Amino acid sequence: MSHRVLVFYGSYRSDRMGIRLARFVVEGLSVRGDDVELIDAKAVGLPMLDRMYKEYPKGEAPAALEKLAGQIRQSDGFVFITGEYNWGIQPGLKNLTDHFLEEWFWRPAAIISYSAGRLGGARAATAWHGTLSEMGMVVISSTIAVGSISQALSADGQPTGGGKALAHAFPRFADDLAWWMEAAKEQRQRRKPPY
């Protein structure tokens with residue numbers, strides 16, 4: 001069964017290492033037969049949050065917000081690729097997600113974190129878990145943390161050195177996400193969400 005998956009990435013830095021991980025995930029899910037799209041917060045270019053999508057009168061939201069709201073609503077699940085900034089989450093990715101709320105509801109989300117250090121962004125992943133849950137997503141239990149990101153993946157997103165562990169862990173992670181996407185989709189079809 002093919003799923004519609006959005007992969008979100010949020011670094012605005014000029015030398016972005018996490019984009020390698022985002023490309024790896026997009027390719028890995030695509031090879032499995034999913035319809036996958038990378039949503040790069042820097043490329044989308046939303047301003048700092050002033051007004052959420054739902055706060056605009058119908059049909060008056062900026063084009064980028066309108067397009068992204070539709071993409072989110074049409075998706076079966078999400079993968080958030082997050083770096084760790086000072087033990088916390090990336091502001092660019094957080095800003096993008098905060099523009100929406102109900103659009104996220106009743107869909108599974110998965111977290112893959114990374115950092116230059118050995119902990120692989122685990123603290124950011126922990127922070128994201130609570131944030132995504134609060135925004136109405138079911139966060140799956142499988143997570144991946146990639147340390148020493150510059151040595152784990154080549155520029156084109158292929159595992160090297162320590163990245164071999166990523167390649168080994170990814171199939172189980174993707175299976176877990178697929179199971180939850182199928183379960184959530186079936187439940188939404190069977191019974192309308194309560195709110």
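## The largest pocket

The lining of the largest pocket divides into 7 nonpolar, 9 polar and 6 charged residues (Ala, Val, Leu, Ile, Met, Phe, Trp, Tyr, Cys and Pro count as nonpolar, Asp, Glu, Lys and Arg as charged, the others, Gly among them, as polar). The structure is a predicted model, in which local features need pLDDT of at least 70 and side-chain atom pairs pLDDT 80 or more, while totals for chains, interfaces and linings use all residues. Residues are numbered from 1 along each chain as its sequence is written, and side-chain values use heavy atoms, without hydrogens and water.

The volume of the largest pocket is about 320 Å³. A pocket is an open set of points on a 1 Å grid over the protein atoms alone, where a 1.4 Å probe fits, with protein on both sides within 12 Å along at least five of seven lines; lining residues have an atom within 4 Å of a point. The volume is the space filled by probe spheres set on the points, which are joined across faces, edges and corners. The largest pocket has 22 lining residues, and R13, Y114, S115, A116 and I149 are the closest to its centre. Helix α6, residues 149–152, supplies the largest share of this lining, 3 residues. Helices (H or I, at least four residues) and strands (E, at least two) are DSSP runs numbered from the N terminus.

## The second largest pocket

The second largest pocket holds about 250 Å³ of space. Its lining is made of 13 residues, with W106, A183, A184, Q187 and R188 nearest the centre. Helix α7, which covers residues 164–190, gives the most to this lining, 5 residues. By class, 8 of the lining residues are nonpolar, 1 is polar and 4 are charged.

## Aromatic pairs

The whole structure contains 15 aromatic pairs. Rings of Phe, Tyr and Trp (its six-membered ring) pair if their centres lie within 6.5 Å; planes under 30 degrees apart count as stacked, over 60 as edge-to-face and the rest as tilted. The pair of F8 and F78 is tilted, because the ring centres are 6.0 Å apart and the planes stand at 55 degrees. F8 belongs to strand β1 (residues 4–9) and F78 to strand β3 (residues 77–83), so this pair ties together parts 70 residues apart in sequence. F8 and F78 are both buried (buried means under 20% relative accessible area, exposed over 50%, partly exposed in between, with a 1.4 Å probe and protein chains only).

F100 and W104 make an edge-to-face pair, because their planes are at 85 degrees, with ring centres 6.3 Å apart. F100 is buried at a relative accessible area of 1%, and W104 is buried at 0%. One aromatic cluster is formed by F8, Y53, F78, F80, F100, W104 and W128.

W104 also has a neighbour to note: R73 is 31 residues away in sequence, and the two C-alpha atoms are 7.1 Å apart. R73 is in helix α3, residues 63–73, and is partly exposed, with 40% relative accessibility.

## Strand β4

β4 pairs with β3 in the parallel sense over 6 bridges (two strands pair if DSSP finds at least two bridges between them). Opposite I111 of β4 stands F80, which is also part of the aromatic cluster.
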